[in-house]
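This report describes the architecture and selected side-chain interactions of a single protein model. The structure is shown first, and the description follows.

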Amino acid sequence: MSAPEPQIWSALPRPALLVDGEGRIAAANSEAELFFNASQKTLTGAALADRLYCDQPLLPLLERARAGQAALYLNDVEVGAGGRSAVLANISVAMVQSEAADVLLLIEPREIAGHFGRALQVRTA
């Protein structure tokens with residue numbers, strides 16, 4: 001499967017991957033390119049396990065999402081990619097409705113979530 005609608009795909013504010021039924025990256029958005037420090041061309045076709053370190057097993061999670069066709073979440077896991085140090089992140093996976101067995105994987109580094117949280121705090125004098 002190719003990437004979702006270009007306007008939606010490029011507008012996602014966090015790293016997003018489509019992972020095929022064989023555990024390979026089928027597509028990556030621009031935020032994923034930054035996170036992985038690799039181009040879309042380099043990421044496409046690569047085994048997810050070779051490109052993304054996670055302290056929790058991801059492939060069984062992807063299979064559960066495919067089998068149950070429901071969104072699943074991992075919170076506060078360590079992930080690393082592209083030679084960067086591991087960071088805390090939340091991971092969401094959901095089945096993509098298509099003839100392929102593609103799963104959407106979203107990575108939300110906690111450093112990003114922390115920025116949003118601080119922006120919403122009320123400052124008092």
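From the N terminus on, the elements of the protein chain follow the order α-β-β-α-α-α-β-α-β-β-β-α, giving six helices and six strands. Helices (H or I, at least four residues) and strands (E, at least two) are DSSP runs, numbered from the N terminus. The model is predicted: local features need pLDDT of at least 70, side-chain atom pairs count only at pLDDT 80 or more, and totals for chains, interfaces and linings use all residues. Residues are numbered from 1 along each chain as its sequence is written, and side-chain values use heavy atoms, with hydrogens and water left out.

## Overall figures

Of the 125 residues in the protein chain, 38% are buried. Buried here means under 20% relative accessible area, exposed means over 50%, and partly exposed lies in between (1.4 Å probe, protein chains only). The chain exposes about 7300 Å², of which carbon and sulfur atoms supply 52%; accessible areas come from the Shrake-Rupley method with a 1.4 Å probe, and for residues only the protein chains shown count as cover. Among contacts (heavy atoms within 4.5 Å) between residues at least 6 apart in sequence, 39% join residues at least 24 apart.

## The sheet

Strands of a sheet pair through backbone hydrogen bonds, either parallel or antiparallel. In this model, six strands form an open sheet in the order S2-S1-S6-S5-S4-S3, with antiparallel pairing. Strand S2 (25–28) and strand S3 (53–54) are at the edges with a single partner strand each, so one side of each has no neighbour in the sheet. Two strands are taken to pair if DSSP finds at least two bridges between them. S1 and S6 run antiparallel and are joined by four bridges; Ala16 stands opposite Leu106 in S6.

## Helix H5 and its cover

Which residues of helix H5 (residues 59–68) are buried? They are Leu61, Leu62, Ala65 and Arg66. These residues lie on the same side of H5 because they cover an arc of only 140° around the axis, the arc being that of the directions from the helix axis to the C-beta atoms. Arg64 and Ala67, on the other side of H5, are exposed. The cover over the buried residues of H5 includes strand S1 (16–19), helix H4 (48–51), strand S4 (72–80), strand S5 (87–95) and strand S6 (103–109). Just after H5, Gln69 adopts a positive phi of about 50°.

## Salt bridges

A salt bridge is defined as a side-chain nitrogen of Lys or Arg within 4 Å of a carboxyl oxygen of Asp or Glu.

| Arg14 | Glu108 | 3.7 Å |

The bridge between Arg14 and Glu108 links distant parts of the chain, with Arg14 in the loop between helix H1 (6–11) and S1, and Glu108 in strand S6, 94 residues apart. Arg14 is partly exposed, at 23% relative accessibility.

Glu63 and Arg66 are three residues apart in helix H5, so about one helical turn separates them. Glu63 is partly exposed, with a relative accessible area of 42%, whereas Arg66 is buried at 12% relative accessibility.

A pair of aromatic rings is described by the distance of the centres and the angle of the planes. Rings of Phe, Tyr and Trp (its six-membered ring) pair if their centres lie within 6.5 Å; planes under 30 degrees apart count as stacked, over 60 as edge-to-face and the rest as tilted. The structure holds one aromatic pair. The ring centres of Phe35 and Phe36 are 5.4 Å apart and their planes stand at 80°, so the pair is edge-to-face. Phe35 is buried at 5% relative accessibility, and Phe36 is buried at 1%.

Ile8, in helix H1, is exposed, with a relative accessible area of 54%. Ile8 and Asn29 are 21 residues apart in sequence, and their C-alpha atoms are 9.8 Å apart in space.
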